[in-house]
Amino acid sequence: MSHFRITLAQLNPTIGDIDGNIGLMCRAAAQAHAEQAQMVVFPELSLTAYSPGDLLDEPEFIERAAAGLNTLLAASHATPGLYWVVGAPTRRSGPGKPLENSLLVICDGTVVVRYAKQLLPTYNIFDERRHFEPGPDVARILRVGGTQIGFLICEDGWNDAGSDYAVNPFSRLADARPDLLVTINASPSNIGKREQRHRLFAAASRRHQIPLVYVNQIGGHDQLVFDGASFAVSPKAGVVFEAPRFAEAVSTLQWDGTNFLSASGEALPPVAAEGLPVMEFYRRQIVLGLRDYARRCGFSRAVVGSSGGIDSALTLALAVEALGADHVVAITMPSSFSTPGSVGDSEVLCRRLGIRLIEHPIRDLVSQFAADFAAACSGPLRGLALENLQARVRGTILMEYSNSYGHLLLTTGNKSEISVGYCTLYGDTNGGLGLIGDLYKTEVFALSRHLNECADGEVIPQAILDKAPSAELAPGQRDTDSLPPYPVLDTILKVLIEGERLGADERAEVESTYAQLLVDAEGRALVTRIRRMIARNEYKRRQAPPILRLRGRAFGSGRQMPIAACYD
């Protein structure tokens, strides 16, 4: 078998921007052709980006996708002899859903292979069976020169152990004995996902003695972030090539029948088994998620309420990294219960970040609201209602600024608080996107320390890191007045929310601590209380802004729980 040259086009398409996505593919194909590749491979649903959701129910959208395929066919004439492997929704006939999630191989204006995805995931964040009909249980092979190429689409390659579906497309394809397997993917990123992909596909490659290339999309798409990290696997050596994470990349490789080589024919350097450190992973995922969310929603600037606490400090620091200091504004809104550090620490933080800080006191506004309420409702505003009023006044001010100047309001709630409802609807939950809503409070502190360690100097002031967490809505208030210490709370939450989705090391750590809580009646009562708090506050989470997903189970589409239900 002669050397086969293949280009992995790891792109950042935009959902629905069919013309823009075609432009990305055409430029990558031109580069592949210039590098004398025989095939260029794009991600799953690369024409529309993944996932279009209920856009697939709109006839006009499907017409645009069909027209886009015709445009791709015409564009392929500019790269004679080059095979384009593209992903697109295509129409089908017969009973069932009217669409298939398809892989099309195009060359010189002709579709030479059409393969429909067989395994349509309907778990966690996925709901493909809502729109697509499964493809037939067949293997598709294309001969290019002296090389036989087989094709799969994402989930089709994840069932080689045969435990999740009744059919195993990988095994069926292996029976056809291709020389090389191509799998196109839209695999969203979460902690540990990169290593999971490597383990699964390296094992399948070794089991069937088939080399493969795995091409993934990148970019932030609402709550989901795709990390790219496309790779190549040989049966003997395992993962031998990996494209960059969180960045577009167009990479040409050679397969010589035994090994993958670089485009110039050189041996490839080893690929590390371990990925990014956890905190660096969180940082890069959040930065890309915000950057793409803002860009795709038409925002170039962001505003954040700065309380002088750790959550808003971390949110501001990440926003600055994603958008630039000139595009981020902070607003501090002291009340009669705010400590001096609320404003002072915000000033130090914003000076270090190089961003503008606006001071907008709320004392008089809160007093007027309370007086008007007492006059209209024949009773004073006190207790929780008064505390929440302060948060809602702050939320209104932030939305006023957002509406007036066109800034994206970033909410600052963390996963610990959101889990148990330690937040105020229409107050600190206001916003267009939550950056740290999939970080537990202990991780907020850890990521803040990581940012400081990576910086030339201290970005987040030590005074903020040392400060006892407080909403500052009542005299001397501390989070621990209402909640257990965050290390304890986070342990309970990780077991109740994440469960088996935790990585092995983290699961062993938290389950040991959790088991100790269950030894006595007081610990069991605390776990029961936290479980009930999670359940009772589902209605708040349903109304919260989208949260960038970092873990295997994030609030949002990946955790669909009823509001009106009995959880006891």
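Me: How many salt bridges does the structure hold?

Reply: The structure holds 30 salt bridges. The term means a side-chain nitrogen of Lys or Arg within 4 Å of a carboxyl oxygen of Asp or Glu. This is a predicted model: local features need pLDDT of at least 70, side-chain atom pairs count only at pLDDT 80 or more, and totals for chains, interfaces and linings use all residues. Residues are numbered from 1 along each chain as its sequence is written, and side-chain values use heavy atoms, with hydrogens and water left out.

Me: Which side chain meets E44 in a salt bridge?

Reply: That of K117, at 2.8 Å, N to O. E44 sits in the loop between strand 2 (39-41) and helix 2 (59-75), and K117 in the loop between strand 5 (110-116) and strand 6 (141-144), so the pair ties together parts 73 residues apart in sequence. Helices (H or I, at least four residues) and strands (E, at least two) are DSSP runs, numbered from the N terminus.

Me: Are E44 and K117 buried or exposed?

Reply: Both E44 and K117 are buried. Buried means under 20% relative accessible area, exposed over 50%, partly exposed in between (1.4 Å probe, protein chains only).

Me: And what about K441?

Reply: K441 forms a salt bridge with D311 (2.9 Å, N to O). The pair links distant parts of the chain: K441 is in helix 11 (residues 441-454) and D311 in helix 6 (residues 310-323), 130 residues apart. Both K441 and D311 are buried.

Me: Switching to domains. What does the assignment give?

Reply: Domain 1 (4-268) and domain 2 (280-477). The bounds come from an automatic or database domain assignment. Taken over C-alpha atoms, 40 Å separate the two centres.

Me: How much area do domain 1 and domain 2 bury between them?

Reply: About 1100 Å², with 58% of it on carbon and sulfur atoms. Buried area is the accessible area (1.4 Å probe) that two parts lose on being put together, summed over both.

Me: How many salt bridges are there between domain 1 and domain 2?

Reply: Zero salt bridges. Strand 10 (218-221) and strand 11 (224-227) each supply at least two residues of the side of domain 1 that touches domain 2. Strand 10 gives the most to that side, with three residues.

Me: Last one. Which residues of strand 19 are buried?

Reply: In strand 19 (residues 408-411), L408 and L410 on one side and L409 and T411 on the other are all buried. Both faces are covered.
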